[in-house]
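Welcome, and please have your viewer ready. We will go from one selection to the next, and at each stop you will hear what is there.

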Amino acid sequence: MRPRSLRAKFLWGTLLVTALVMTTVIVVVEQSERATIVVEFQRRGEVLARNLAAISQGPLLLYNYTALEQNVTQIAAESDVVYVGVLDADGRVAAHSRSPERVGAVLHGTVHQRAAAASEPLTQETVTSRGESVYDFAVPVLVAGRKWGTVRVGLSKQRMDAEIRKTRIELGALTLVTLVLGGVAAALMARRIAGPMQQLAEGAAAISRGELAQRIEPSTSDEIGRLAAAFNHMAVELVQQRTALEEAHRELQRQFTDLADLKSYTDNILASLATGVVTVDLDGRVVTLNPVAELLAGFFKGEVAGRYCSEVFAHTPELSDILMETLASRAPISSVNLTLRRRNGGSVPIELSTAPLKGGEGKDLGVVGVLRDLTHVRQLESDLRRSDRLAALGTLAAGLAHEIKNPLMSLLTFSRHLERRFDDPRFRENFQSVVPRELERINEIVERLLELARPARMNFTLVRLPALVDSVIELYANQLEARSIEVAREYARDVPPIQADQEGLYRVVVNLVANAIDAMPRGGRLTVRAGWSGEGDPLLPSRRRGPDRRVKIEVADTGPGITASERAR
């Protein structure tokens with residue numbers, strides 16, 4: 001089962017640490033002892049092989065196989081020696097302690113071939129035909145740098161393996177004894193520690209239930225005793241902190257009530273404003289929309305709170321551009337006229353003013369934008385312009401009466417002579433020429449009066465300004481050429497098509513060009529421009545302009561201009 005008590009955890013933890021340490025020690029010691037045993041065993045085999053090679057030089061040079069046999073028998077008598085052999089320069093068996101019948105034969109196999117071909121002492125592990133695991137030591141017999149043969153000694157690994165097993169058993173017994181002793185010591189230590197810790201755990205559980213009047217009597221003066229004293233001090237501190245927290249909670253409740261009242265007060269102010277208010281945080285996300293702003297934008301506050309202003313006002317990108325410009329520059333922008341396009345397709349003329357929002361100690365909070373609905377203002381301006389036209393109509397009436405009187409006098413003169421001179425061919429010719437012309441003059445005067453008194457009917461379509469201006473220049477091409485007037489066209493590259501009354505706009509440009517031509521009877525330069533409206537060069541591309549996204553047409557001439565006395569008219 002999984003241990004639950006501190007005593008069991010301490011005991012099992014101590015045993016685990018002891019087991020890990022002893023395992024590490026056993027592995028290291030076992031590897032070291034094993035390596036020592038193997039090295040000693042291999043050194044003994046190499047010594048036997050080198051001794052045999054030393055005493056076999058003479059017999060190999062003299063081909064004294066009897067002496068070689070005696071040397072082999074002498075080495076084979078050593079303990080752990082399984083076999084001893086001597087090979088001649090051709091790799092044939094010259095003497096063998098275990099198989100005398102192999103003398104003169106060539107031994108086959110990878111181990112035998114490597115031993116016969118060795119030019120330096122060689123140690124190999126192999127298994128004999130009888131299943132014995134041995135180390136094979138091969139040492140070449142060199143005389144004056146020339147190889148005359150090879151001696152081989154096979155040592156059994158049985159005693160070496162037995163010594164290694166004995167070492168492992170001894171280390172295992174040591175580990176077991178260490179674990180038993182460590183377990184007894186850990187149990188005694190755990191018992192000494194667990195008792196006071198149990199008291200601390202019960203006291204902490206009582207404190208967690210709110211029973212703060214807990215005290216533990218220290219039974220020792222060591223770390224556990226100091227821990228008990230610290231526990232008692234903590235209990236006293238908790239009582240004091242609870243009292244302070246209760247007081248702070250009451251203060252926070254009072255402040256929360258004040259903040260709620262302040263928020264309600266601010267919300268009422270925003271709701272009572274006749275202008276729209278929108279606030280944006282430092283990330284460009286909408287935070288607040290008052291009711292007027294909701295009505296203008298066509299969104300509820302809950303729909304847009306937390307969304308980027310560029311997303312909320314996607315149909316009016318210039319509005320979000322101005323808000324983000326104020327956020328970046330920390331400078332207010334005042335009274336920018338825009339057309340706010342709603343998501344339902346409708347639009348509202350507005351005036352936008354922005355200012356950075358500051359918190360305590362001048363901390364930047366975002367941007368506030370004030371939207372003023374200009375619909376009523378635009379209607380009043382339209383009504384005022386119509387009233388001005390109607391008032392001007394009275395002023396013009398006197399001048400127009402004289403203008404109408406001239407054709408009427410001509411008509412009256414013809415009407416008086418009509419009966420008497422009707423048979424006169426010249427009179428009839430003059431009558432047919434003058435009367436329709438004078439009647440047309442009267443009709444044009446009346447039409448101009450009607451246009452002044454009533455709003456113009458407009459038919460809005462997409463109009464390309466450069467093409468419209470070019471068509472007007474073509475209309476006056478003959479007059480421009482006859483008067484030696486040079487035409488300069490300056491069109492911005494990125495002027496888009498605009499929604500406008502093409503016929504009315506065409507007549508406006510025609511009148512401007514005609515006036516310019518009349519102002520240059522002796523020639524000059526006529527300049528027509530189509531570009532962006534705003535600060536700086538009107539031909540600048542839109543990405544380098546401010547929030548004003550209107551376009552304009554300019555017609556300039558090199559004539560004398562309008563005198564100061566005439567400009568007021």
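Begin by selecting L176, V180, V184 and L188, which make a nonpolar surface patch of about 400 Å². Patches here take residues with over 30% relative accessible area and no salt bridge, joining nonpolar side chains (Val, Leu, Ile, Met, Phe, Trp, Tyr) within 5 Å and like charges within 9 Å. Accessible areas come from the Shrake-Rupley method with a 1.4 Å probe, and for residues only the protein chains shown count as cover.

Before moving on, a word on what you are viewing: this is a predicted model, in which local features need pLDDT of at least 70 and side-chain atom pairs count only at pLDDT 80 or more, while totals for chains, interfaces and linings use all residues. Residues are numbered from 1 along each chain as its sequence is written, and side-chain values use heavy atoms, with hydrogens and water left out.

Now keep V180 selected. This residue is found in helix α5; helices (H or I, at least four residues) and strands (E, at least two) are DSSP runs, numbered from the N terminus. V180 counts as partly exposed because its relative accessibility is 49%, where buried means under 20% relative accessible area, exposed over 50%, and partly exposed in between (1.4 Å probe, protein chains only).

Stay in helix α5 (residues 158-208) and select E163 and R159, which are 4 residues apart and so separated by about one helical turn. Their side chains meet in a salt bridge at 3.2 Å, N to O. The term stands for a side-chain nitrogen of Lys or Arg within 4 Å of a carboxyl oxygen of Asp or Glu. E163 is partly exposed at 33%, and R159 is partly exposed at 39%.

Which residues join this pair in a network?

Next, pick R341 and E318, whose side chains form a salt bridge of 3.1 Å, N to O. This pair links distant parts of the chain, 23 residues apart: R341 sits in strand β8 (residues 333-341) and E318 in helix α10 (residues 317-329). Is E318 buried or exposed? At 9% relative accessibility, E318 counts as buried, whereas R341 is partly exposed at 35%.

For the last pair, select R529 and E554, with a salt bridge of 3.2 Å, N to O, between their side chains. R529 lies in strand β14 (residues 524-532) and E554 in strand β15 (residues 551-557), so the pair ties together parts 25 residues apart in sequence. R529 is partly exposed at 26%, and E554 is partly exposed at 26%.
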